[in-house]
Amino acid sequence: MVKKMQSCVFISGRGSNLKSIIESSSNNNFPIKVSLIISNNVKAGGIKYAKKHNIPFKYYSSKNQNFFEKSCINELKKKKIKFICLAGFMKVLSKKFIKTFGYKILNIHPSLLPKYRGLDTHKRVLLNKEKYSGCTVHYVTPEVDTGNVILQTKVKIIKNETITSLAKKILMEEKKLYSKAIKLVLK
Ligand code: GRF
């Protein structure tokens, strides 16, 4: 049994990666406990997992970035959070936030970084007729999707692949990859 690090997951939407991280953390040997969930979207579907698993949850609007980040830092300190996973969190965190927090922050992105940073990944991948795509877990830096890569999974693009089918296929891999990457960086 490992001593679990108090951790927070940031979300903005559906929360399938959040769900898989929570499920992994129920294992005694998984290195984190999800002690806090933060959303910048009051309607994020992922909020239901906070309720289901009785995990403290906070919503802060990120319209004012300074307000959002200050509120997060206060709460993170209060809960002694030492590790953050961004999971479908659609806001870029500032350099100041990353420095003030001072511990590891991870993100998952649905492409083989450094290719296809930013939004509309699957659409651009298909337009460029790529043979492969995938997902990446990486460290968070102030520039979008640029931090050091921790782990990647590659998926093959088949004939007649659509944005929806590709997104689905990659999401299946994302769910496994995030937990693997967390174990790897905290071993
Ligand atoms: C995932 O594809 C993730 O890679 C990207 O946003 C999506 C979030 O999905 N950053 P979910 O909220 O985890 O279901």
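Mentor: Asp, Glu, Lys and Arg count as charged, Ile and Pro are among the nonpolar residues, and Gly is among the polar ones. The model discussed here is predicted.

Trainee: What makes the residues of the shell around the ligand nonpolar, polar or charged?

Mentor: The residue type decides. The shell is made up of Arg14, Gly15, Ser16, Asn17, Gly88, Ile108, His109, Pro110 and Glu174. By type, they divide into 2 nonpolar, 5 polar and 2 charged.

Trainee: Which elements give two or more residues to that shell around the ligand?

Mentor: Helix H1 (16–25) and strand S5 (104–109) do.

Trainee: How much of the ligand's accessible area does the protein cover?

Mentor: The ligand on its own has 360 Å², and the protein covers 86% of that. The space that the ligand takes is the largest pocket.

Trainee: What makes Lys19 and Glu23 a salt bridge?

Mentor: Their closest N and O atoms are 3.1 Å apart. The limit is 4 Å between a Lys or Arg side-chain nitrogen and an Asp or Glu carboxyl oxygen, so the pair is a salt bridge. Both residues lie in helix H1, 4 residues apart, which is about one turn of the helix. The whole structure has 6 salt bridges.

Technical notes:
Residues are numbered from 1 along each chain as its sequence is written. This is a predicted model: local features need pLDDT of at least 70, side-chain atom pairs count only at pLDDT 80 or more; totals for chains, interfaces and linings use all residues. Side-chain values use heavy atoms; hydrogens and water are left out. A residue is near a molecule or strand if one of its heavy atoms lies within 4 Å of it. Accessible areas come from the Shrake-Rupley method with a 1.4 Å probe; for residues, only the protein chains shown count as cover. On a 1 Å grid over the protein atoms alone, a cavity is a set of points where a 1.4 Å probe fits but cannot get out, and a pocket is an open set with protein on both sides within 12 Å along at least five of seven lines; lining residues have an atom within 4 Å of a point. A molecule sits in a cavity or pocket if more than half of its atoms lie within 2 Å of its grid points.
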